[in-house]
Amino acid sequence: MAVDRLLPTDEARDLLGLTRDVADKVLAPIVDQHEKAETYPEGVFATLGEAGLLSLPYPEEWGGGGQPYEVYLQVLEEIAARWAAVAVAVSVHSLSCHPLMAFGTEEQKQRWLPEMLGGATVGAYSLSEPQAGSDAAALACKATAVDGGYRVNGAKAWITHGGIADFYNLFARTGEGSKGISCFLVPRDTPGLSFGKPEEKMGLHAVPTTSAHYDDAFVPDERRIGTEGQGLQIAFSALDSGRLGIAAVAVGLAQAALDEAVAYAHERTAFGRKIIDHQGLGFLLADMAAAVDSARATYIDAARRRDAGLPYSRNASVAKLVATDAAMKVTTDAVQVLGGYGYTRDFRVERYMREAKITQIFEGTNQIQRLVISRHLAG
Ligand SMILES: Cc1cc2nc3c(=O)[nH]c(=O)nc-3n(C[C@H](O)[C@H](O)[C@H](O)COP(=O)(O)OP(=O)(O)OC[C@H]3O[C@@H](n4cnc5c(N)ncnc54)[C@H](O)[C@@H]3O)c2cc1C
């Protein structure tokens, strides 16, 4: 069922209409086949790029869509309701453009931003390492200064779209401690950069997640974003925006699960009536609807603060925490509504439940979101 959204402009309404159209015609018909076969959907990101859906929150002068974050996130939610793996990759692409947009020099932006935002290339974000996930400041991948640039050695882990994305935000150590990390923009074809085989994941099967290995890879000075040592600040600033993307993806998943559960509850009968007419089940559906609506409200509130230029880091963490916990609960309850059928791969709620789990883990686990929120409370 189409969500009845309050959107700020007619343009935003048209954009949501276009998104639903693309999602229904391009994504929905092939999602099951690719998720089951664990195959990459060639051409899908090019189609989204051509439709202008890959860089919505960035300024038009740089090739972006010039949309408020509030609108971009609702577009992402619609994509996630059809195909979470694709929505996550769109969100990560948007995240990977942030460092250059916010911290790049005018010259760097002119050189790379138009192609990154124009839809022709897709980006990835590589902060995590095998031994440093939540504790990102403990990362060890090393960028040693040499004539004209850096020699990079080490491993990165868990890269969404790894091996396929055209460019990578690399966070690597150029000094000691948390102020000894720098940010680089690395093209996929850099000599000395290779990728591991895709991880065998619980969900999000159609988009690979891989490690990356840097073996004396040369990255020129001009590809360092921001100053030496500014990397962690850049990484966290990008994550504030990215977490809102994950919150929107989670709401899309939860909405899709709710829709399937309500439709099923209208069809299925037990004890002589539709199961939706049993109060116990109707109340379960009501709680699911309340969780979806309130999760959406938290990400829209955070996005509006971002759009207004207000601090929103705490709100982004609240949105990520609330929306992803809601997605986990609502998708699990959707399986319950479908009874035994919900536990089979014949119905999408089984996939939604597996996909919801990762939203509580990446871009900062929900324990880390609580840490961010509690630090704000502690002043
Ligand atoms: C499918 C997938 C895609 C991913 N995509 C990307 C990507 O594109 N780019 C990228 O850089 N990373 C990516 N990640 C990595 C992801 O962000 C990390 O897995 C996540 O940050 C957690 O790190 P970890 O796995 O090392 O767990 P750990 O940090 O080892 O945490 C283990 C457990 O300890 C808890 N914990 C840790 N510290 C604390 C604390 N201080 N207080 C309380 N609890 C704590 C955690 O919450 C967790 O429950 C992806 C991961 C997956 C699975």
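User: Hi! Where is the place of Met288?

Analyst: Met288 is found in helix H8, which covers residues 279-307. Helices (H or I, at least four residues) and strands (E, at least two) are DSSP runs here, numbered from the N terminus. Before we go on: this is a predicted model, where local features need pLDDT of at least 70 and side-chain atom pairs count only at pLDDT 80 or more, while totals for chains, interfaces and linings use all residues. Residues are numbered from 1 along each chain as its sequence is written, and side-chain values use heavy atoms, with hydrogens and water left out.

User: Thanks! Is Met288 buried or exposed?

Analyst: Met288 is buried, with a relative accessible area of 1%. Buried means under 20% relative accessible area, exposed means over 50%, and partly exposed is in between, using a 1.4 Å probe and protein chains only.

User: And what separates Met288 from Arg314, in sequence and in space?

Analyst: They are 26 residues apart in sequence, and their C-alpha atoms are 25 Å apart in space.

User: Switching to the ligand: how many residues surround it, and which are the closest?

Analyst: There are 17 residues around the ligand, and the closest are Tyr125, Ser128, Ser134, Trp158 and Thr365. A residue counts as near a molecule or strand if one of its heavy atoms lies within 4 Å of it.

User: Which atom of Thr160 lies 2.9 Å from a nitrogen atom of the ligand?

Analyst: For Thr160, a polar side-chain atom is at that 2.9 Å distance. Backbone atoms take part too: a backbone N or O atom of Tyr125 is 2.7 Å from a ligand nitrogen, and a backbone N or O atom of Trp158 is 2.8 Å from a ligand nitrogen.

User: How much of the ligand does the protein bury?

Analyst: The ligand exposes 970 Å² when taken alone, and the protein buries 64% of that. Those accessible areas come from the Shrake-Rupley method with a 1.4 Å probe; for residues, only the protein chains shown count as cover.

User: Tyr125 came up there. Which way does Tyr125 point from strand E1?

Analyst: In E1 (residues 123-126), Tyr125 points one way together with Gly123, while Ala124 and Ser126 point the other way, and all are buried. In a regular strand the side chains alternate between the two faces of the sheet.

User: In what sense do E1 and E4 pair?

Analyst: E1 and E4 (residues 167-173) pair in the parallel sense, over 4 bridges. Two strands pair if DSSP finds at least two bridges between them. The bridge partner of Gly123 in E4 is Phe167.

User: How does E4 pair with E5?

Analyst: E4 and E5 (residues 181-187) pair in the antiparallel sense over 7 bridges. Leu170 has Phe184 as its bridge partner in E5.

User: Why is E4 described as largely enclosed?

Analyst: Because 7 of the 7 residues of E4 are buried, the strand is largely enclosed by the rest of the structure. Both faces are covered, with Phe167, Asn169, Phe171 and Arg173 on one side and Tyr168, Leu170 and Ala172 on the other.

User: Now aromatics. How many aromatic pairs are there?

Analyst: The count is 7 aromatic pairs. Rings of Phe, Tyr and Trp (its six-membered ring) pair if their centres lie within 6.5 Å; planes under 30 degrees apart count as stacked, over 60 as edge-to-face and the rest as tilted. One of the pairs is Tyr264 with Phe347: the ring centres are 6.1 Å apart and the planes are at 85 degrees, so it is edge-to-face.

User: Which parts does that pair tie together?

Analyst: Tyr264 belongs to helix H7 (residues 231-267) and Phe347 to the loop between helix H10 (339-342) and helix H11 (348-359), so the pair ties together parts that are 83 residues apart in sequence. Tyr264 is buried at 13% relative accessible area, whereas Phe347 is partly exposed at 27%. Tyr264, Tyr341 and Phe347 form one aromatic cluster.

User: Last topic, backbone angles. What is phi for Phe271?

Analyst: Phe271 has a positive phi of about 55 degrees, although it is not a glycine. Most residues other than glycine have a negative phi. Phe271 is in the loop between strand E9 (269-270) and strand E10 (273-274), and at 80% relative accessibility it counts as exposed.

User: And Leu204, what is its phi near?

Analyst: Phi of Leu204 is near 50 degrees, again a positive value in a residue other than glycine. Leu204 counts as buried at 9% relative accessibility.

Conventions
A polar contact is a pair of N or O atoms within 3.5 Å; within protein, one must be able to donate a hydrogen and the other to accept it, and residues adjacent in sequence count only if both atoms are side-chain atoms.
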